[in-house]
Amino acid sequence: MAKLVLLSAGMTGRTHELTVDKTTIGRVEDNTFQIAEPSISSHHCEVLLRGSDVVVRDLNSTNGTFINGEKVTETVLKPSQILRLGQIEMRLETEAPPPPSKKPVDQTMVMQRGVKLDELEQGTRPGGFDTAGKGFSKKDDKANKIIWIVAGVFGFVIICLILYAISLTSK
């Protein structure tokens, strides 16, 4: 079933199902789908169901009928296109199945499976878990060792300087 879904502020989400062959849209009450908004003509346009096509026909409206920004007098409205009447925008939505994917079935990607909980607990999965069950294995990092050695030497020098300063003041 096709329907028009209003997108404009203050009317967002309001819908009208296209259940009859001819739906008139306009500002006054005698329209099938009334939209009481000043930029919409009293009888703005009509929506016609012609087989599987949804046709929009402008009824000589003051502010025009537009599909995706192009002014129209009569044309087919396709699903997901934006219909604008005056300042009001709406989208045609259908319950038709989505178009088939252009990607051939024989090129389906195979995704690797994830890790099972029992593999984590038993440590049977390689790649960073140690066998002792202590979490991640530690990597050897030479730069980290050098930083600790330099920090130790620097700390030793500072302690020696402090002791030397204390010995000078106590004389």
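1. Let me begin with serine 80. Is this residue buried or exposed? Its relative accessible area is 54% in this predicted model, and since anything over 50% is classed as exposed, serine 80 is exposed. You will find serine 80 in the loop between E9 and E10. Its backbone deserves a glance too: phi of serine 80 is near 75°, a positive value in a residue other than glycine.

2. Proline 79 sits in that loop as well, between E9 and E10. Proline 79 has 47% relative accessibility and so counts as partly exposed. Which residues does it touch, leaving out those up to four places away in sequence? Proline 79 touches Leu92 and Thr94.

3. Asparagine 60 is another residue to check for its backbone. Its phi is near 55°, a positive value in a residue other than glycine. Asparagine 60 belongs to the loop between E6 and strand E7 (65–67). With a relative accessibility of 77%, asparagine 60 counts as exposed.

4. Proline 38 is a loop residue too, placed between strand E4 (33–34) and E5. Its relative accessible area is 72%, so proline 38 is exposed. How far apart in space are proline 38 and isoleucine 88, C-alpha to C-alpha? The distance between proline 38 and isoleucine 88 is 9.9 Å, for a sequence separation of 50 residues.

5. Now to a buried residue. Histidine 16 is part of strand E2 (residues 15–17). It counts as buried because its relative accessibility is 16%, and the limit for that class is under 20%. Setting aside residues up to four places away in sequence, histidine 16 touches Lys3, Leu4, Thr23, Thr32 and Phe33.

6. In soluble globular proteins, nonpolar side chains tend to be buried together. Here the largest nonpolar core has 21 residues, and Leu4, Ile25, Ile35, Leu77 and Met90 are the ones with the most contacts inside it. Which elements give two or more residues to this core? They are strand E1 (3–6), strand E5 (45–50), E6, strand E10 (82–85) and strand E11 (88–93). E11 provides the largest share, 3 residues.

7. Beyond residues up to four places away in sequence, isoleucine 25 touches Leu4, Asn31, Phe33, Ile35, His43, His44, Cys45, Val47 and Leu85. Two of these partners, Leu4 and Phe33, can also be found in the list of residues that histidine 16 touches.

8. Strand E6 (53–58) and strand E9 (74–77) each supply at least two residues of the lining. What is the make-up of that lining by class? There are 8 nonpolar, 3 polar and 2 charged residues.

9. Finally, the chain as a whole. The protein chain has 2 helices and 11 strands, and from the N terminus its elements run β-β-β-β-β-β-β-β-β-β-β-α-α. Buried residues make up 25% of the 171 residues. The chain exposes about 12,800 Å², of which carbon and sulfur atoms supply 57%. Among contacts with a separation of 6 or more, 29% are accounted for by residues 24 or more positions apart.

Technical notes
Residues are numbered from 1 along each chain as its sequence is written. This is a predicted model: local features need pLDDT of at least 70, side-chain atom pairs count only at pLDDT 80 or more; totals for chains, interfaces and linings use all residues. Side-chain values use heavy atoms; hydrogens and water are left out. Helices (H or I, at least four residues) and strands (E, at least two) are DSSP runs, numbered from the N terminus. Buried means under 20% relative accessible area, exposed over 50%, partly exposed in between (1.4 Å probe, protein chains only). Contact means heavy atoms within 4.5 Å. Accessible areas come from the Shrake-Rupley method with a 1.4 Å probe; for residues, only the protein chains shown count as cover. Ala, Val, Leu, Ile, Met, Phe, Trp, Tyr, Cys and Pro count as nonpolar, Asp, Glu, Lys and Arg as charged, and the others, Gly among them, as polar. A nonpolar core is a set of buried Ala, Val, Leu, Ile, Met, Phe, Trp, Tyr and Cys residues joined through side-chain atoms within 4.5 Å.
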